[in-house]
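Open the model in your viewer and have the selection tool ready.

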Amino acid sequence: MKHQSLMRHLNARRLYRGLTLGVLLSTWLSVAAPAHASDSESASLAAGVPIADVHMHLYRGLTPDELRAAMDRNNVRWGGGVGPVGPGYDPLEFSKVLGARYFPAGAQAQQFVMFQAGGANELANVDSPRFKALMEQLAGQFERKEISGLGELVLNNHRSSAMPGFARKVRIDAESLQAMYALAQKHQGYVQLHMDDDPDSIEQIESMARRYPDVPFILAHCMTRASAQVARAVLERHANLYCETSYRSTARNGAPGLRPYMIHTADSADSAWLAVIEALPERFMVGSDIYTKDVSYDAVIGAIRSGLLARLSPATLRKVAHENAQRVFRLPQP
Ligand SMILES: [Zn+2]
């Protein structure tokens, strides 16, 4: 008898706690979940807003016509910001078909060859004949307006490299790289670089951001595994640092082990990242980062629209989709 009443009492307490939790949860959800009128506006804007793909590579098997069709299909009005993934591609062939919609960056293919030949040391060696040849090529390309900036400079991917034999860690402030940043500055160009969020690399990019204040430095993949808090602190300290969010979408990179580093899926986004993007709406851009034929451009761009952009306020989503890129990469109105 005593036992039964005790059980009733305990069950009632459990029920009460459950109810309290339920009330709290539904209150929290109504705060956290969309309640403002802009949500449906954001969803429909996100579905159709023009996109600037600021991390668009050329890679094996991709033809200019195919790329143009993929961009048209997805209302990607501009693409570029990085280079071909290696040697043997002619960006000018793509410019012929895409015109000013394509804004290729310089140095990526040459650095690929340099790394293969001499490893990380070669990338940081200011006396290397390959480096001297690279600088001459880049100066000519800038002058002929064949490139508008430099990238993707793969400088620190020792934790994030997706391919065996591709990992390296180079000082972001190496003398050779500083010569490249200075060249970009001279031509009002940008620099897009891939670095993991190691504290020493962060310290180095911050010192470069101060030394080359007119160069927009775009942190590819927002430093690959950086937390929203770390990214926010770095961006807040330097007005010329930017983040692009490619590769941090499950549509691009489905590896379950990397799930914690993803910014968005096709139908959800990390709330901490959304908060940082809304707090610094001028500093984020989007990209595809596709370098093999087995990844669908439509799926990757689709997930940017439905997963990320649809969860931003209308003003922020326009900035992230294309307005920031137009300003930072000096893209022409189509
Ligand atoms: Zn890339």
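Start by selecting Val76: leaving aside neighbours within four places in sequence, it is in contact (heavy atoms within 4.5 Å) with Ile51, Asp53, Met71, Arg101, Tyr297 and Ile301. This is a predicted model, in which local features need pLDDT of at least 70 and side-chain atom pairs count only at pLDDT 80 or more, while totals for chains, interfaces and linings use all residues. Residues are numbered from 1 along each chain as its sequence is written, and side-chain values use heavy atoms, with hydrogens and water left out.

Stay here a moment. Val76 sits in strand 2 (residues 76-80); helices (H or I, at least four residues) and strands (E, at least two) are DSSP runs, numbered from the N terminus. Is Val76 buried or exposed? Its relative accessible area is 1%, so Val76 is buried (under 20% relative accessible area, with exposed over 50% and partly exposed in between; 1.4 Å probe, protein chains only).

Next, select Phe217. Not counting residues up to four places away in sequence, Phe217 touches Tyr181, Val191, Leu193, Ile205, Met208, Ala209, Tyr212, Asn240, Leu241 and Tyr242. Phe217 is also among the residues that touch the most other members of the largest nonpolar core, which has 77 residues. Such a core is a set of buried Ala, Val, Leu, Ile, Met, Phe, Trp, Tyr and Cys residues joined through side-chain atoms within 4.5 Å. A second, separate core has 13 residues, including Trp78 and Tyr242.

Now pick the two cysteines Cys222 and Cys243. A disulfide (sulfur atoms within 2.5 Å) joins them, S to S 2.0 Å, and a search of the whole structure finds one disulfide. Cys222 lies in the loop between strand 7 (217-219) and helix 9 (228-237), whereas Cys243 belongs to strand 8 (residues 241-244). The link is right-handed, with 80° about the S-S bond, and both cysteines are buried.

For the last stop, colour helix 5 (residues 108-123) and helix 6 (residues 129-143). Their axes come within 11 Å and cross at roughly 150°, taking axes as lines fitted to C-alpha atoms over the stretch in contact, and angles from 0 to 180 degrees between N-to-C directions. Show side chains to see Met114 and Ala117, among others in helix 5, meeting a set in helix 6 that includes Phe131, Leu134 and Leu138.
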